Amino acid sequence: MLINRIFSGSDAVYGLTAEAVENAISQHGEDKAVGFPHTAYCLPCYYSVTGVKVKTLGELREALTVVKSLMTREHELEDALMSGVATALCAEFIEALKYLDGAVPYEEPCYGHLADSVIRELGVPLVTGDIPGVAVILGSAPTAQEGVDLIKSYQAQGILVTLVGGIIEQATELGLKMGYNLRIVPLGKDVTSVIHVVSVALRAALIFGNITPGDAGSLLSYTAERVPAFVNAFKPVDDVILAAGAGAIKLGFPVISNENENIVEVPGALIACPNVADFNKVSLEARNIKIKITNIDIPVAFASAFEGEIIRRGDMQVEFDGSRVDCAELVQTKEMDEVEDHKIEVIGPDVDTFELGSKHSLAYVVEVAGKKMQPDFEPVIERKFHNYINCIEGVYHTGQRDMFRIRISKDAYEAGFRAKHIGEVLYAQVKNEFEAVVDKCQVKIYTDPAECTRIRHEVAVPAFDRRDARLETLTDESVDVYYSCILCQAFSPSHVCIVTPERLGLCGAVSWLDAKATNELDPAGPCQIVTKEKPIDENLGAYEDVDEAVKKFSQGALEHVTLYSIMQDPMTSCGCFECICGIEPFSNGVVIANREYAGMTPLGMTFPEMASMTGGGVQTPGFMGHGKHFIGSKKFMKAEGGIERIVWMPKELKETVAERLNKTARELYGIENFTDMIGDETIATDPETLVAFLTEHQHPALSMEPMM
Amino acid sequence: MALNGIQIFKMTPKKNCKECGCPTCMAFSMKVAQGAMDISACPHMSQEALDALSEATAPPMKTIKVGTGDAEYSLGGETVLFRHEKTFVSKTRYAVKLDCCMDAAAVDAKIEEIKKVDYERIGERMFVEMINVAYCGEHKDNFLDIVKKANETGRILVLDCEDADVAAEALAVCAANKPILNGANASNYEAMSKVATDAGVVLGVSGKDLNELYDTVAALEKSGNKNLVLDVTGASVKEAFGNAVQVRRASVKDQDRTFGYPSIVNLTKVAAGDKYMQAALASVFTMKYGSIVVMDQMTYAEALPIYGLRQNVFTDPQKPMKVEPGIYPLNGADENSLCLTTVDFALTYFVVSGELERSGVPCNLLISDAGGLSVLTAWAAGKLSSSTVAKFIQEEVEPKVKCRKLVIPGKVAVLKGDIEAKLPGWEIIVGPREAVQLVKFLKDMQA
Amino acid sequence: MPFNQKPQKFNAQINTVTIGSGEKAVTLGGGSTFPFYTFDAPAENAPKVGVEITDMGLEGMSAGIKAYYDGAATMGEIAKKASEMEGADFVALYLEGGDPNGADKSVDELIAIVNEVAAAVDCPLVVEGCKNVEKDAELLPKVAEALQGKNVLILAEKEENYKAIGAAAGLAYNQIVGAESAVDINLAKQLNVVTTQLGVDAKKIVMNVGTACAGYGYEYVASTMDRIKGAALSQNDAMLQMPIITPVASETWSVKEAMASEADMPEWGPQDERGIDMEIMTAAADLAAGSDAVILRHPQSVATISKMIKELV
C-alpha cells in the first residue's frame, strides 16, 4: 500500500513536471536557458545524481526521460525509493522553471534556492558539529504554537531548521523571528520548494565530500553518513509528500510524522510519532545526532583549577563517607529505551534538610546507553568520577567505588549547590568525554539511607565483583585482538607496547580494557587494534601480525617482538616501567627490581643502572621492563618457564604481589607460598648468598633448563 | 655487529671476582655492551675471547682526543646518524681563524674578540674552544708568531699547514697542548704523518675528492697512524656538506672504518668573507656531522644561537635537559615579590621564564628538582608533589623570600590543597595551564 | 681502492604541494632523500623562503627590518616591499593582532588587511592565524573564504580546531591546509589522519611540526623532523609525507637574545646582528633537519638563507 501510494505520488509529480516543461518550451523555445542563480552546478540535484549539466529547456526535456527511467515499477521498496528520487528531481525542474528569465520567485521571508556561497559557509559548522543537524519541517503543525515550539527546540540545540509549506505561515503568525542568521530558513510554500534543502545537501557532498557528479552511489552514502538531516512531516501526508519523503529516505534522511492513516512505519526511515512534542527527541535519536553540552547548569564554577581544593571539616556543610555509611558510585549500561537522556532523579532528602556538619549515605548510578557502549567501558568511565566531582568549586571527592568520600563546602551550599547538581556534572562530563560511546545518559542520586544500602549491596558490589571476575577470566587466548600503545613515544621514539589482557602496559597504567576504550573513544589515537591471527610460535607469543604492528608503529626500528619471552626479542621498554626484571645467571632465574627500590640487587646493578640499559625502546635480551601487576600473570616470561624463574625481589614489592603470585604458583606448579622461596634484600644482594638461600629452599629455578 | 650483554657474559670467566670494579660479571658485561666500559678491564678474559670481543665491540667511529687537562676534548666516537637513536657524544667544536697574512694588530684584535665571548648557559661554559691558524706558504715567521700568541690563550690550535718543516717548527711551540696538525694530503702525507707522530698530535687529512681522501687515510692507517681527523671541506658548500654526510654515513651506517674519524669543515674557505653564510653553515654542520667547524668570527651574535643549538642537539634523547633548582628572580624581583613555581625541565624553564619576562612583573621563579621532567610527567612520576614543593620551599625559599603567595602550574591544580596543608602561612594560587597565558594571568592578578 | 659510495635513495617521496598560481607559484616537497643529500639523488624542489609581515605593521620590528621597509606606510606597501625582498619566494602574513590576549582585532578588521595584502602582491601567500585556537577557528575560515581562487596556505589548524579550519580551507574554499602539531611525530601523524578523514586531500596539506629557537629545546624539533622524514621515506608512511613549513621568525624574534637592547646587554653587541644570526641559524638548522620552507623576517636572513639553499641543492 505504501509503495503504491509512493508510485502514485511520483507519477502525479512527473505528470505535472512534463506538462510544465512542455508549456515552457512552447512559450520560450527549446534553447531557452534554464538554471538557478549563484550556483556553478546548473540544476544541482540532477547534476549531482547524473553528472549531466542541464542548461536549456531542450536539455531539460531530455533529462525528464532519464528521470522517467528511474521510475521502475517492480513493487519493491527500492523501486519506491528510486521513484522518490525521481520525484525530487521533478521538483527541482519545477522550481527551476520558476527562475526562468531571471525571475525572483521567492520573497521575504522565503528563500527558495540557496547560493553556493551559503553552502560553503554552512559546510564548515556542519563538519565541526557546531550545527549538529538539519531539520526539514514540512506542512502545518496541529497548532501554530506546537510548530513554533518544535522549531525553537531545534534552534536551541543549534540545529539548522528549514521550513516548507504551512509551517511558515504559522511561524509568521506567532511572530517568530526567522532568517539564515537565526538558523531558521523558510524555503517556500509549495512542497516542491523542499528541493532547495536537498540541493544544499547534494552540493555539500560535491564540495566537501569530493564526490564526482554522477557517482550516485558515493553521493547517497555521503549524504547518509555525513549530512545529519531529517524530515518532520505534519499530517496530512498525501501521496506527493510521501513520494518526496521516499526521496529523502533514499538520501538517508529519516522522516518523522504524526500521520496515522494509510501509512506503515519503515524502521529507522519512516517513523510514526503521534505527539509533536516528541518530534525533537525521536528525530535526534533516529538520525543519531548528539548535542554538545557547552554549559553545565550548576550554581558554582566547574574547572580543573578546583581539582586540588580540599574542604576542611570547619568549612564543610555536609559529608558523605563510604567508610562509615553505605555509599556507592556506579556506571551501568542500559538498553536505549531504558534511558531518558538528561534525566536526573534525586531519591531521598536533599542536602538542605541535613544538619550542618553531618554525615550521610550517598549513592549515584549513572545509567548510559549507546549503540557502541560496552560494559567493559563502565570502569573506565567510573574512574573519571573522582576527577569530575573534584573539579566542582567547593566539592571534594576521594576514593572510589563504595569507598568514596564527598564533602560539600558551606560556600557551595550557600551558592545553592544541591544533590542534583552532582548529577548535572556527571551527566555533562560523561556525555562530552565519552561522546563516541554514550548516546544517552541519566543519573539517579540516592540519599535515602535504606536505598543507599540496597544500591550498595544489591547493585554496586555485585557489579564490581562481576567486573573483577571478568578481569580474572580475561586471558590472552580469550580475546581476538590486542592493542598497541605508543603514548610514550615522545620520550622513546621506537618504543611500542603491545597490551594484552594478561600483560598490561609496562607503565602499569594501561590495561587491555583501557587500551580498548582509548581506541574506541579516539580511533586515530595512541592505541590501535593489533590482530593475532597469524601465530608464529604461541609459546613465545610471536605473531606475524604483532611484528607488523610493531614495525609500523616504531617506524621500522623494531622488526620482531615476542610477548612472553625475555630472551628472544623481548618487548622494548620506554622508561616508564614500574619494574625491570633481569636474568641472574648464577641462579638460572630472574631478579626483579621496582622503581621505588634504591638498593643493590644480586645482579650487581641497581634499578637506575638496569633502567639505563633497558629503556629507550631498545631490545635488551635478558632484561625487560614491565608493570607490577604482570608479576602474578601466567604469561610472565612464559617462554622461559614462567614465574618459577623469579629468584629475587625487594621485600616491599614481594609483599605487594605475594597474594597473586602465590595463587598463580599454586595453580601452575602446585607450589605453596612461593614467595617464601624468593630472596630479597634482607636475605642477599649478591649472587653467591642468593644461590645458597635458593638451594636451601629448593627453589625450582635451580633445576630448570639453563636460560642461556 | 655489536654484541648484547648476554653474549658478552657467556665469554666472561663468570667468577664475580669484582676486579673490574663491577659487583658481578653480568653487570660488567652489560656495561661493555653499552660501551660504558672496555672489555680489557677484565683481567681474566682468555685471549681468544678478548680478540673476538674487541673486534665486535670496537666502535665504528674512533674517538680522537685533542688538548690536555681541562681543555681536553673528545671528537668523534659517534654510533648513530640521528640523535633520537642514541646520544651524540662529542660536541661540535668551533674554531676561529687567524692566518699568517694578518698583521700583528689584527691578530691581537682578533684574539681579544675571541676572549670576549665567555659565558655560562645551563651549567656549561660557552667560549671559543679552538683557534685555527693557517699558513699560506709565505709568511712563515708571522705564522710562527701567531701560533705562539694563539697558543698562549690556552685554546686548542688547529694548524693549517701543508709544509712539513714549517709544521714541525710550529709544533715545537705548541705540541705540549696537543693541537691538531691539519695538512696531510695525497702528496705529503708520509712526511706530515711523521711530524705529527713525532710531536704526538692528531693529524688532519684532506683530499681533492672523497676517493683521494679515502686512499690517503688507508695509506696512513697502513703506516700505523690512526690518530686522524678528516678535513672534508671541499671546493664548494655543496661538496663540503656531501663529504661530511657521506664520511659519517660510511662509518656509522656502513661500518667502513677507514672513514671512522671526526671531521673538520672550514667555512672560511667555502663561504669566504660572508659572515652570515658562515653562521648559517655553522648551524647546518652542527646538525649534520661537523666535528670541528672553522669560522672567521665568533661574536655574541653567532655564539648565542650556535652554542644554544649545540647544547640542545648533543643531549641524551632519553634525558631531558635540566636547569639548576633554585630561586630565579626576574624583572628585578626582590624578597617581597610574588613567587611562581615550576619544574626543572629546561624547556619548561625557558618557556615559563620567557613569558614571565615578557610580562614585566617582578617575580621569583622557584625551580625545584623534578628530575628534569615536564610538569605533568613529573607529577605522574611523583617527582612533583605537594611534599617535594613544600620541602623545597621550606628549606630553600622561606629563609630568603618574604612573600607568601605561590602560583602553581595549572596542570597540577590537584596539588593545591595538599600544598596548602603542608605550607602553613602560604596562599596557594592555581596558575594557567599553559605558559603563554601567564602574561595575561599576571596582568589580571595585578588588576 | 676507492671509497665505496652507497647512495641511499628511497622509493618513497615527499608530496609536492603548490602554493599560489601562475608564474610565481612555488612548489614544496617532492624529494626522496634526506634534506640536501644531492649525492643520493638530485634535489627535486629546493626549499623555499617566505617573508613574514604582520598586521601590526612594523611595530616591535628590529631597526634593520624597519629600515628595509622605510617609506612603506600601508599594509599593502609593506607587503609589496616584502615580496620584492632578495631571495623571497612568498609572503607570509601573520595575523598576530587577532590574539584575544593581545590587540584583539576583530575578524572583519583582519580580513580587510588580508585583502589589502593579497591585492598588493603577485607572489604566493601564506596566512598565519593569531595562534589562539578559538579565534583562529573563527578567523582562518574567513581568510580562506576571502582569498578564494588564490591557492594560499592557511597556517594552521591544530588538534583543537582542525575541523573548522580544515573544512573551510581544504574543502569549502580549496586552499592549502597547514596542520600544526607540537613537536611529536605521533601528534603530527594523528592530525594528518583526522584531517584527511574530514575529506581533505592529503596532497593539500603542509605540516608545521613545531618550532623552537636554537637553544630553546631545539633538540625536539630536530628529532621530530628527523623521524618524520625517516618514516615518510623509509616506511613510505603516507600520513607523514606532507612537506614541512617552519615559521622561524616569530619564534626567534621573541627570545631574549634577539630582543634585549644593546643598552641592557652592552657586551652582547648590536641587537640587529643578534636577531639576524638567531634567525639565520635556526632557519639553517630547520632546513638541515627537513623543513621544505621557512618563514623569516629580516632581509639579511632572507638573502643568506636563500643563497645557502641555492648552494646546497
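This is a predicted model: local features need pLDDT of at least 70, side-chain atom pairs count only at pLDDT 80 or more; totals for chains, interfaces and linings use all residues.
How many bridges join S8(A) to strand S11 of chain A, and which way do the two run? Let me start there, because strands of a sheet pair through backbone hydrogen bonds, either parallel or antiparallel. Here 7 bridges join S8(A) to S11(A), residues 362-369, and the two strands run parallel. By pairing I mean that DSSP finds at least two bridges between two strands.

Residues are numbered from 1 along each chain as its sequence is written, and chains are lettered from A and ligands numbered from 1 in the order in which they are written. When I say H or S with a number, I mean DSSP runs, numbered from the N terminus: helices are H or I with at least four residues, strands are E with at least two.

Back to that sheet in chain A. It is an open sheet of 4 strands, in the order S8-S11-S14-S9, with mixed pairing. Strand S8 (327-333) and strand S9 (344-347) stand at the edges with a single partner strand each, so one side of each has no neighbour in the sheet. From one strand to the next, the twist averages 10°.

Two helices come with the sheet. For angles, axes are lines fitted to C-alpha atoms, for helices over the stretch in contact, and angles between N-to-C directions run from 0 to 180 degrees. Contact between two residues means that their C-beta atoms, placed from the backbone, lie within 7 Å. Helix H15 of chain A (residues 419-433) packs on the sheet and touches S9, S11 and S14, making about 155° with the direction of S14(A). Helix H16 of chain A (residues 449-473) lies across S8, S9, S11 and S14, at about 50° to S8(A).

Now please look at A:Leu242, in helix H10 of chain A (residues 239-250). Is A:Leu242 buried or exposed? A residue is buried if 20 or more other C-beta atoms lie within 10 Å of its own, exposed if 12 or fewer, and partly exposed in between, with C-beta atoms placed from the backbone. A:Leu242 has 26 such neighbours, so it counts as buried. Leaving aside neighbours within four places in sequence, A:Leu242 is in contact with A:Arg5, A:Ile6, A:Gly9 and A:Val237.

Chain A also has some cis peptide bonds to show you. One joins A:Glu108 and A:Pro109, with omega about -5°, and A:Pro109 is in the loop between helix H4 (77-98) and helix H5 (116-128) of chain A. Another runs from A:Lys235 to A:Pro236, with omega near 0°; A:Pro236 is in the loop between strand S4 (229-233) and H10 of chain A.

Over to chain B, and two residues with positive phi that are not glycine. B:Asn16 has phi of about 50° and lies in the loop between helix H1 (5-11) and helix H2 (25-34) of chain B. B:Asn16 is buried, with 20 other C-beta atoms within 10 Å. B:Gln255 has phi near 55° and is exposed, with 12 other C-beta atoms within 10 Å.

Finally, how do the chains meet? Chain A gives 23 residues to its contact with 25 residues of chain B.

Which helix of chain C does H12(B) cross? The axes of H12(B) and helix H10 of chain C (residues 271-289) come within 8 Å and cross at roughly 35°. Residues making this contact include B:Leu304 and B:Ile306 of H12(B), and C:Met278 and C:Met281 of H10(C). The residues of this contact divide into 9 nonpolar, 1 polar and 4 charged.

Conventions
Ala, Val, Leu, Ile, Met, Phe, Trp, Tyr, Cys and Pro count as nonpolar, Asp, Glu, Lys and Arg as charged, and the others, Gly among them, as polar.
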